[in-house]
Amino acid sequence: MAHCERASKPLLQCLQKTYTKGLPGLQLQSTRAFQSTALAREEAQTETRSQPFYKAPDPATVSHPRLERKLLRQGVAPIGSRRRRVALQDSLNIPFEQLPYQCFQEARKILVADREEKLRDITSMREKISRLEGLSTEQAGGEQVKKSKLRAMELHLEHLKIQADINDPLVKKKFEDGLGDMSKPIYRFLADRKWREYRRKILVQRITQMKVIPDVIPHCEPTLDTKLYFGRRQIQPGEFVDSKLSTEAPKLNVQMFEAGEKLVTIAVVDPDVPNVETDGFDFKMHYLAVNVPISAVNTKVDLSQLSTESQVVFPWAPPVAQKGSPYHRLAMIIFEQKESKPLDFAAVKAKETARENLLARALESRYQLKPIGAHLFRTQWDDSMYEVMKSIGYADAEIELRRAPAERLPYKRRNPANMR
C-alpha cells in the first residue's frame, strides 16, 4: 500500500497542475513523462554534449545574439526564427508528422489523399509524353506541332510535381529551415516565389532609379537571384563599397530557379568615367568572362578563380573615382548565351581588345546574348582611394576635378560698352 501511495503521488501532482489551469488552457500531457527510463532524446543529448553549449552552440536551439554571431562567423546560419529556437529548447522533440493534435492529423490525411491523386496524374502525363515521343513526325502532325505539344506537356508535368508537394507541411518546414533541395521543382518554386516577393523588387527598383537601364543595357527582366560578396561582406544593390575592399574580384551566389544548366556571360561596366574633353562620361569594362556554368545547385561563382584560358576575357580591374568626380555606378550584368552554347573564346578575345568604351549593349547584339540577371554597387572618393590608384598605376591620380563656375546672368555681367 505504501508503494502505491508513493507511485500515485507524482500522478496527483501532475493532475493538480493540469486542472488548476482551467479547461480553456488544458494541455495534453505526454505519457512518456511517467516512464522511469530516460528518453532517447535526453540520452542522445547527454552523449553529444561533451562541450558546453557556449563553445559548441546548436543552430537549431541557439537564441543568444552573441552565440548567433559566433555561428555566423563559422559559416553556419541559425535555423528558423529566434522565437522558434527558444521554443525548441524545452520541447519534447516529437517528430513533426507525429504531433498529437487531432485536427492536424485529420488535415494530413486529406493532404496525403490529394498527393496520391496528383501522383496518379503525374504517372498518366508521363505515359502521354512517352506515347507522343514514340510517334513519327507525320503521325504527330508535323515537327513544330510535336515540339509544341511536348513542351506544353512537360510544363504541365512540372506544374503537377509542384502541386503534389506544395501543401506538405514537411516540405514547407524544410524550406523555411533553409534545408530545401534545389534539384527538386517544389523548392525551386518556393525559392522563386520568396525572391519575387521582396528581393527582386528591390533589385529592379535600384537598377531603374539609378538609370542602369537604359544607360548600360536597354532592358532587363531578372530571373536570377544574384548576391554579391566582397570578402565576407554581402553587398546590397546600390550600396557604396570601400575602395580597398573592391581591389579584389568579388564572389557571386547566382541562384537559378530552373532545371538544367546554363552558360552565361558576366560583365561589369562603369558608365560614369569622366571625360574632361567632351564634358561627358565614357564607359569602361572592369570585368568580362564568358562560358560560365550555373545551375540550381551550382550557385557559387568566384570571379578570381575562373579560367584565364577559356573564360576570362578581361580580368578584374579595381574601380576608381577621382577626387571631385561624382560617384561611379558599377553595373554587373549576367547574360544568357544563346541556347546555352559555349562561345568561341579565342574569337571573343581577339575581337574585344580594349576595355574603354566597350558597351554591354554591343556585346548583347554581337553575340546574341540575353540579360537575365543584374546587380549594382557604387564607389566614390574616400580616404584610401589615392593609395589604390597608386597601387594600380592610375595615371590621373594627382588630378582633382572641379566644376566649372556657372555663367553669370546677363543683367549681372559687367559690360563696359553699356557703362559709357
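**Figure 1. The second largest pocket holds about 970 Å³ of space.** The model is predicted; local features need pLDDT of at least 70, side-chain atom pairs count only at pLDDT 80 or more, and totals for chains, interfaces and linings use all residues. Residues are numbered from 1 along each chain as its sequence is written, and side-chain values use heavy atoms, with hydrogens and water left out. The pocket is lined by 32 residues, of which Gly178, Lys194, Lys227, Asn253 and Gln255 are the closest to its centre. Two or more lining residues come from each of α8 (169-176), α9 (185-197), β1 (225-230), β4 (251-255) and β7 (300-302). By class, 16 lining residues are nonpolar, seven polar and nine charged. Here Ala, Val, Leu, Ile, Met, Phe, Trp, Tyr, Cys and Pro count as nonpolar, Asp, Glu, Lys and Arg as charged, and the others, Gly among them, as polar. On a 1 Å grid over the protein atoms alone, a pocket is an open set of points with protein on both sides within 12 Å along at least five of seven lines, whereas a cavity is a set where a 1.4 Å probe fits but cannot get out; lining residues have an atom within 4 Å of a point. Grid points are joined across faces, edges and corners, and a volume is the space filled by probe spheres set on the points.

**Figure 2. The two ends of helix α8 are shown with Asp168 and Gly178.** At the start of α8, a side-chain oxygen of Asp168 comes to within 3.1 Å of the backbone nitrogen of Leu170. Helices (H or I, at least four residues) and strands (E, at least two) are DSSP runs, numbered from the N terminus.

**Figure 3. The largest nonpolar core contains 29 residues.** Such a core is a set of buried Ala, Val, Leu, Ile, Met, Phe, Trp, Tyr and Cys residues joined through side-chain atoms within 4.5 Å, where buried means under 20% relative accessible area (1.4 Å probe, protein chains only). Val216, Ile217, Met285, Leu288 and Ile333 have the most contacts inside this core. Strand β6 (residues 280-295) contributes the most to this core, with four residues.

**Figure 4. The largest cavity has a volume of about 40 Å³.** Its lining consists of Thr265, Leu288, Val290, Leu343, Val348, Leu363, Tyr367 and Leu369. Seven of these residues are nonpolar, one is polar and none is charged.

Technical notes
Buried means under 20% relative accessible area, exposed over 50%, partly exposed in between (1.4 Å probe, protein chains only). A polar contact is a pair of N or O atoms within 3.5 Å; within protein, one must be able to donate a hydrogen and the other to accept it, and residues adjacent in sequence count only if both atoms are side-chain atoms.
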